[in-house]
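Welcome! Please take a moment with the model shown here, and then let us walk through it together, one part at a time.

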Amino acid sequence: MVVLDARGDVIRPALLWNDTRSAQAAQDLNAELGGEATVAAAIGSVLVAAFTAAKLRWLADHEPAHAARVAAVALPHDWLSWKLSGSSRLEDLFTDRG
């Protein structure tokens, strides 16, 4: 997960899928959203540390000053594609997932 500020600058080093610091955040989100069965029924999977939602929660809990600056979120390969496009506009940030 690459977090960007309103100018499109990277706020902090990326949190990659294999960074498990957000495991507790994933468990907390599952519980807050009604439990694993409810979450799985709603979205097709329970939240785990690799998911961006869990990483965003971890960021909010552990680095609130960074979290407060987030204007956009990208996966690393999407951020790289955006940078290679030559754009600096957040509106041009895209994902390969639609």
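Arg-21 counts as partly exposed, because its relative accessibility is 44%; here buried means under 20% relative accessible area, exposed means over 50%, and partly exposed is in between (1.4 Å probe, protein chains only). The side chain of Arg-21 meets that of Asp-19 in a salt bridge, at 2.5 Å from N to O. A salt bridge, in this text, is a side-chain nitrogen of Lys or Arg within 4 Å of a carboxyl oxygen of Asp or Glu. Asp-19, for its part, is buried, with a relative accessible area of 17%. Side chains of opposite charge can pair when their charged atoms come close.

Before going further, a word on the model: it is predicted, and local features need pLDDT of at least 70, side-chain atom pairs count only at pLDDT 80 or more, while totals for chains, interfaces and linings use all residues. Residues are numbered from 1 along each chain as its sequence is written, and side-chain values use heavy atoms, with hydrogens and water left out.

How many salt bridges does a search of the whole structure find? The search finds seven. One of them joins the side chains of Arg-12 and Glu-63, at 2.6 Å from N to O. Arg-12 lies in the loop between β1 and α1, and Glu-63 in the loop between α3 and α4, so this pair ties together parts that are 51 residues apart in sequence. (Helices, H or I with at least four residues, and strands, E with at least two, are DSSP runs numbered from the N terminus.) Both Arg-12 and Glu-63 are buried.

Asp-61 is partly exposed, with a relative accessible area of 45%. Through salt bridges that share partners, Glu-32, Arg-57 and Asp-61 are joined into one network.

Stay with helix α3, which spans residues 52–62, and look for its buried residues: they are Ala-54, Lys-55, Trp-58 and Leu-59. Seen down the axis of α3, these fall within an arc of 140 degrees, so they line one face of the helix; the arc is that of the directions from the helix axis to the C-beta atoms. The buried residues of α3 pack against β1 (2–4), α1 and α4 (64–69).

After α1 comes Gly-34, whose phi is positive, near 105 degrees.

Which residues is Asn-30 in contact with, leaving aside its neighbours within four places in sequence? They are Gly-35, Glu-36, Val-39, Val-46 and Leu-47, where contact means heavy atoms within 4.5 Å.

The largest nonpolar core has seven residues in all: Met-1, Val-3, Ile-11, Leu-15, Ala-25, Trp-58 and Leu-59. A second, separate core of six residues includes Leu-4, Ala-72, Trp-82 and Leu-93. Such a core is a set of buried Ala, Val, Leu, Ile, Met, Phe, Trp, Tyr and Cys residues joined through side-chain atoms within 4.5 Å. Leaving aside neighbours within four places in sequence, Leu-15 is in contact with Met-1, Arg-21, Lys-55 and Trp-58.

Our last stop is the segment after α5 (76–84), where Asp-92 lies. Asp-92 counts as partly exposed, because its relative accessibility is 31%. Asp-92 and Trp-82 are ten residues apart in sequence and 7.3 Å apart in space, C-alpha to C-alpha. Beyond its neighbours within four places in sequence, Asp-92 is in contact with Trp-82 and Ser-87.
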